[in-house]
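Please read the points below alongside the sequence and the coordinates.

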Amino acid sequence: MKILQVASEMVPFAKTGGLADVAGALPLALEEWGEDIIVALPRYKAVDPAKFKIIKLNNDISYSIIGKNIKVYFIENNKYFDRPALYGDKSGDYPDNLERFSYFCKRALQLLKELKFIPDAIHCHDWQSALIPVYLKNLYKKDSFYKKIKTLFTIHNIGYQGLFPKDEYPKLGLDWGLFNMEMLEFYGKINILKGGIVFSDLISTVSEAYSREIQTEEFGFGMEGILNRRKNDVFGILNGLDYSIWDPAADKLIAKNYSLKEPQGKLKDKEDLQRICKLPVKKEIPLIGIVSRLAEQKGFDIFAEALEQICKMDLQLVILGTGDLKYHALLENAVKKYPKIIVLYLKFDDQLAHKIYAGSDMFLMPSKYEPCGLGQLISFKYGTIPIVFKTGGLADTVNKDNGFVLESYSKEDLIKAVQEGLAAFKNKEKWTKLVKQAMQYNFSWETAAKKYVKLYEKAKAKP
Ligand code: ADP
């Protein structure tokens, strides 16, 4: 099969969240299965030419090779992409995001002609590449080059839809006839994600539970109706984890490697983390880690309510994250009050993230909703027991036998789950079993990639 993947972020080039992990790992797994895959990505300032071998193809396209021979094509446009961040800065989203990503989608489609590469399927991720199916089914409907190409649209988080004011519509280069409730309009605004849902051949999301949840009013963010109409085309495939990056036995970013067979190193990593965080270096104090966007979606509203009580427990809490300034301030205040309990890093720091996964005993991720979630999968591999709310991908992977679960999304249940974690930690025998069991799990991309190939085939077979 010939596949083009279009994504707005991708490991190792540019990352703000889980989408980058997926977009970076899936092509590698597909190549292992013998698929012919290429990728299109914007050439952000973050794509460091000193770090990656980047080869110029023409005026505005360059590429780098990953895996054995996967070409990742960068779409260059200094006006749009040569900026400090991917989507926005402290004052919010970049105001020209509609222009930036519609340009990206159009240029990616045009690139196919230049490469004479006709994919069987284009795999698009999230709203930033959702215009690809819209353009294929409308703007390029009569272009024979694109006629047979099918699309799979993967939703990583339906909370981010690419909403723009109606007056920006002409910038899309689409007929006004598409601006209606059944297509691109959402309460008077342009909704790019909706366009992707309507015009793609197949739709998927990143866990089975989330594929059902997004078809309900509670989790659908207004897209439940349109998704319901396409329910036979909606699938859930749980993300894998790239174990070449996330494996305590080979991780170069942690103080001491460890594995199921030789688990002692984990204690050294805990010591290392406690030292870095200037916390008392004590192995018997349970250490809870958080690596997350600081957003309500990630459970920080109930976490904020429970914080005072959590800080009075016998534990240490290390938090790494950036996001909502409201939570920055709130957590900073808590640090002032409980400096020996909470340590806070308000930044994006890959190395520190690895150290937290390795050095913590538990990983707190009480997301209000969670399409898949990578934090809990990474934690398992590092023998760090997750505490989660039962939703989406968290519900598909964590249960009472392998972690600590909030049955309802509430401050009370959060406190209860943390207490359960602390009690279990005291029972050394039980804890060792839990850790061993966690480290044995295998959420590899092999399984997920095989399922994606089935979806590409299914899309290809569509009339
Ligand atoms: P999201 O909704 O943010 O995509 P996921 O759990 O799917 O959530 O993936 C988040 C990814 O980003 C994980 O690999 C996590 O370790 C990483 N991450 C999140 N915040 C930070 C941070 N501040 N520093 C380093 N890595 C982070």
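1. Pro 12 is found in the loop between strand E1 (2–6) and H1, where helices (H or I, at least four residues) and strands (E, at least two) are DSSP runs numbered from the N terminus. The peptide bond that joins Val 11 to Pro 12 is cis, with omega at about 10°. The model is a predicted one, in which local features need pLDDT of at least 70 and side-chain atom pairs count only at pLDDT 80 or more, while totals for chains, interfaces and linings use all residues. Residues are numbered from 1 along each chain as its sequence is written, and side-chain values use heavy atoms, with hydrogens and water left out.

2. For context, most residues other than glycine have a negative phi, and most peptide bonds are trans.

3. Which residues are closest to the ligand? Of the 21 residues that surround the ligand, the closest are Gly 18, Arg 293, Lys 298, Lys 347 and Tyr 357, a residue being counted if one of its heavy atoms lies within 4 Å of the molecule. By class, this shell has 9 nonpolar, 6 polar and 6 charged residues, where Ala, Val, Leu, Ile, Met, Phe, Trp, Tyr, Cys and Pro count as nonpolar, Asp, Glu, Lys and Arg as charged, and the others, Gly among them, as polar.

4. A ligand nitrogen is 2.8 Å from a polar backbone atom of Lys 347, and a ligand nitrogen is 3.0 Å from a polar backbone atom of Asp 349, whereas an oxygen of the ligand is 3.0 Å from an N or O atom in the side chain of Lys 15. The protein covers 92% of the 570 Å² of accessible area that the ligand has on its own, as given by the Shrake-Rupley method with a 1.4 Å probe.

5. The elements that give two or more residues to the ligand shell are helix H1 (18–32), strand E15 (287–294), strand E16 (316–323), helix H11 (350–359) and helix H12 (375–381); E15 gives the most, with 3 residues.

6. Because domain 1 (2–240 + 446–460) and domain 2 (265–442) both give residues to the lining, the second largest pocket lies between them; the domain bounds come from an automatic or database domain assignment.

Technical notes
Polar contact = N/O pair within 3.5 Å; in protein donor to acceptor, adjacent residues only side chain to side chain.
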